[in-house]
Amino acid sequence: MDPVATVEPSVEPSWAARLARGLRATLARSLNVALPRLCPSCRDLVTDNGLCPACWSKVAFIAPPYCPRLGIPFAYDPGPGILSMQAIADPPAFHRARAAVRYDDIAKTLVHALKYQDRTDLAPTMGRWMARAGGELLNDADLLSPVPLHWRRAWSRRYNQSGALAKIIAQHGHAKVAGDVLRRVRPTQQQIGLSKSERAANVQGAFAVAPDKTADVHGRHIVLIDDVLTSGATADACARALLRAKAKQVDVLVFARVVDTAQSPI
Ligand SMILES: [Zn+2]
């Protein structure tokens, strides 16, 4: 996760709110009943998992044409193989990035519901959209590597949303989830309010391949899985760690990416 200052909440839900949600989930499980579902975006009742039809129609899916390297949507098709200015000026450590949707209000509510509100029922839909957006990356991928949380945050949040998405994506291809390959070796502060260079410094050296997993990485094509791509600093730091361990290629597949409309790529 690589949050953006203006759209990310500064605090995670309180322990009381988390406890209430946990109790609700436990109650539903123990009674073996489905409590009514709410659309994570507008809070209307829905009959199945996911968004209501009105919110669904507003999802900003990313489709070609886009930069073949960064996956940033182009306003018009510049022709095959033409890269965005950002990809040329500041090439990332990873090879290619793809995202299912633009990070807007709807995407934000989905990401937050999955991450903070125990809406694990959203993972199959979000993962399916990611598998479709990243089809080209997944075709010849060997491993899916979720961006890891530091154990302290993983414990307080109970599970890693990127890992949940990776499990769904693995059902749509042949690449296997390697949840234990990449480790966060030091905690990082939230990326909120940091400049691009500060973000890069914040995550520099924060990730490493587990010493007993280097053989799994060597010569492999790995797709990093995360929920949101903002500056790309986190994805870049993870890709560097995997490439240091001799990964053949590292691509990035996220649910949503921030598209800076002020910096039109072409
Ligand atoms: Zn809705």
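Is Phe61 buried, exposed or partly exposed, and what is its relative accessibility? Phe61 counts as partly exposed, at 33% relative accessibility; buried means under 20% relative accessible area, exposed over 50%, and partly exposed in between, with a 1.4 Å probe and protein chains only. Please keep in mind that this is a predicted model, in which local features need pLDDT of at least 70 and side-chain atom pairs count only at pLDDT 80 or more, while totals for chains, interfaces and linings use all residues. Residues are numbered from 1 along each chain as its sequence is written, and side-chain values use heavy atoms, with hydrogens and water left out.

View 1. Rings of Phe, Tyr and Trp (its six-membered ring) pair if their centres lie within 6.5 Å; planes under 30 degrees apart count as stacked, over 60 as edge-to-face and the rest as tilted. Phe61 sits in the loop between helix H2 (53-56) and helix H3 (85-89), and Trp129 in helix H5 (residues 123-133), 68 residues apart. Here helices (H or I, at least four residues) and strands (E, at least two) are DSSP runs, numbered from the N terminus. Look also for Arg132, which lies over the face of Phe61 at 5.5 Å from the ring centre; a charge sits over a ring if NZ of Lys or CZ of Arg is within 6 Å of the ring centre and within 35 degrees of the ring normal.

**View 2. Trp129 also stacks with Phe255.** Trp129 is buried, with a relative accessible area of 5%. Its ring centre is 6.0 Å from that of Phe255 and the planes are at 20°, so this pair is stacked. Because Trp129 belongs to helix H5 and Phe255 to strand E9 (residues 249-257), the pair ties together parts 126 residues apart in sequence. Phe255 is buried too, at 0% relative accessible area.

**View 3. Four cysteines hold the zinc ion.** The SG atoms of Cys39, Cys42, Cys52 and Cys55 are its protein donors, lying 2.3 Å from the ion. Donors are N, O and S atoms within 2.8 Å of the metal (3.2 Å for Na, K and Ca), and as water is not among the atoms, sites may look incomplete. The 4 donor atoms subtend angles of 103 to 116°, so the arrangement is tetrahedral; four donors count as such if all angles lie between 85 and 135 degrees. Along the sequence, the donor residues follow the spacing C-x2-C-x9-C-x2-C. Cys42 is partly exposed at 34% relative accessible area, whereas Cys52 is buried at 6%.

**View 4. Pro40 lies in the loop between E1 and E2.** This proline is buried, with a relative accessible area of 7%. Pro40 and Val111 are 71 residues apart in sequence, yet 9.5 Å apart in space, C-alpha to C-alpha.

Conventions:
Four donors count as tetrahedral if all angles lie between 85 and 135 degrees; four count as square planar and six as octahedral if opposite donors are over 155 degrees apart and all others between 65 and 115; anything else is irregular.
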